[in-house]
Amino acid sequence: MMTQIVLRVILALKLPKCPSMAVRSKTTSTQYVASRARDPTFEKFMDNYKNFLKVVSVQDLIIANPKNPALPLDFLNRLSQKFHLNRGALQFIRKYPHIFTLFYDTSESKPFFKLTDAAIGISCQEAAVIHALKPIVIDRLVRLLSISVSKSLPLRAIFKVWRELGLPDDFEDSIISHNPTIFSLSDAHEPKTHILKLVPGNLNPVFSATVENWRSAESCREDAGVDPLEIRFAFKHGFPPGMRLSKDFKAKVKEWQRLPYLGPYEEMGVKRKSKAGMKELEKRAVAVVHEFLSLTVEKMVEVEKISHFRKWFGIDLNIRDLFLDHPGIFYLSTKGKRHTVFLREAYERGCLIDPNPVYNARRKLLDLVSLGRRGLRMGDSKWTGSSEKDFGEERD
C-alpha cells in the first residue's frame, strides 16, 4: 500500500498536469508559467532561435548602412547589454564565423566586422522573396487590419511585427504609400503616432479564417468519420508529450470545442457580460490570436508584441494566460529572456509543416547559427589584416 502511494506521488511530480479551461486557482503569473507542461521539441528549437535573434539584430545594424557595410567592434561592444551579448562583442562575432568576418582596419587603427558572403547571400535571397510576394504581403496586411474592431491599427504596433509578417523593411513606402486605394494613414491623438486604416472601399472583404479551412479539410477526409456538429466550432489540438489529460479536462475541452463564437473577421457587436458571453469572448480571443499567428511567416511571435494589438482586437483578457489556458492550441516558451508563443498545429519536429519561401530563407541563416564554429577548415578562423592581439584578446 505504501509503495503504491509513493509511486503515485512520484508520478504526480514528474508528469505535468493539465491547466484548467475555466478560472485557474490562485497562483501568480510567474507560478502559472512555471507550472506549464514543457514540450522538448519547441524548447530545443528555441535554444538555437534565441541566438538567431541576436544574430539578426547585429546583421540589421550592418545592413542599415549599405554604403559602408562594416561596423567597428567597439560600437557593438557598447550595445552588448541591449543585445544580451553576455560575453561581449568579440566573443559573439567569433562564435559565428560563417556569418561574421573580423578584420583590422589599419587606417582606423581598430577592429571591424562585416557579414560573410554566405550571410549576404541569404539576406539578399530573403529580400528578393519578400519583394516577389508583395501581393501576398498586401493581403496579409489587409487581413490584419480586418481583424481589428475599428479596421485600423497604430503604425507603431505594426512596426513591432514587420519581420514576423514578412513585410519589407521599407513597407511604409513600398506597401502603404504605393497602395492609396487600400491603405490610408492618419494622425492619432498622441504625438508622433499614426493610425493605419483600410480605405472605405476595403472595409468588408470576405475572408476565411485558417481554422475554418482546417475544419473544411477535416470534414472532407474520407477516413475522418467526424460529426459536423462536433467540428463546427472546433480547433485542432495537440498536447505536449507526457501531459496528463484528466477526464474532467477532456470533458471541458469537448464542451469548449462545441461553444459557438464570433470569428476573427466577424463584427463583434455588443459584448455580453454573462458567464456564457464571457466564454464566447474568450473563444473569440483564441480565434483572433490563432489567425494572427497564422498570418506570420514562422507561426510564432513574442507575447509582448501581440499585447500591442490586444485593445485593437477587442481582447479584454490576459494574453499570456490565454496561451497557458489552451496548451493544445498554443505553446509558450520562455527561452532567451522572452516569452514566445507558437501555433502548435503549424509545427512538426521543430519545423513548419507548410513552409513558405521567406521561412526557407531564414531557415538557412538559422542553420548557419546552429553550425557555430563547426565546418571550418584549418586557418579559416584567422583574423584578416592583423594579428589576433590587435583585437584586444588572446585566442582561447
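**Note on a cavity lining and a helix crossing**

1. In this predicted model, helix 3 (40–63) and helix 16 (357–371) each supply at least two residues of the lining of the largest cavity. The largest share of that lining comes from helix 16, which gives four residues.

2. The residues that line the largest cavity are Phe45, Tyr49, Phe52, Glu298, Tyr359, Arg362, Arg363 and Leu366. Sorted by class, the lining of the largest cavity holds five nonpolar residues and three charged ones, while no polar residue takes part.

3. As for volume, the largest cavity comes to about 50 Å³, and the count of cavities of 30 Å³ or more is three.

4. A separate point concerns the packing of two helices. Helix 12 (residues 247–258) and helix 13 (residues 275–295) have axes that come within 10 Å and cross at roughly 85°. Because angles of 65 to 115 degrees count as roughly perpendicular, helix 12 is therefore roughly perpendicular to helix 13.

5. On the side of helix 12, the contact is made by Glu255, Trp256, Gln257 and Arg258, and on the side of helix 13 by Lys279, Glu282, Lys283 and Val286. Taken by class, the residues of this contact of helix 12 with helix 13 comprise five charged, two nonpolar and one polar.

Technical notes
Residues numbered from 1 in each chain as written. Predicted model: local features only at pLDDT ≥ 70, side-chain atom pairs only at ≥ 80, totals over all residues. Heavy atoms only, no water. 1 Å grid on protein atoms, 1.4 Å probe; cavity = no way out; pocket = protein on both sides within 12 Å on 5 of 7 lines; lining within 4 Å. Points joined across faces, edges and corners; volume = space filled by probe spheres on them. Nonpolar A, V, L, I, M, F, W, Y, C, P; charged D, E, K, R; others polar. Axes fitted to C-alpha atoms, helices over the stretch in contact; angles between N-to-C directions. Parallel < 35°, antiparallel > 145°, perpendicular 65-115°, else oblique. Contact = heavy atoms within 4.5 Å.
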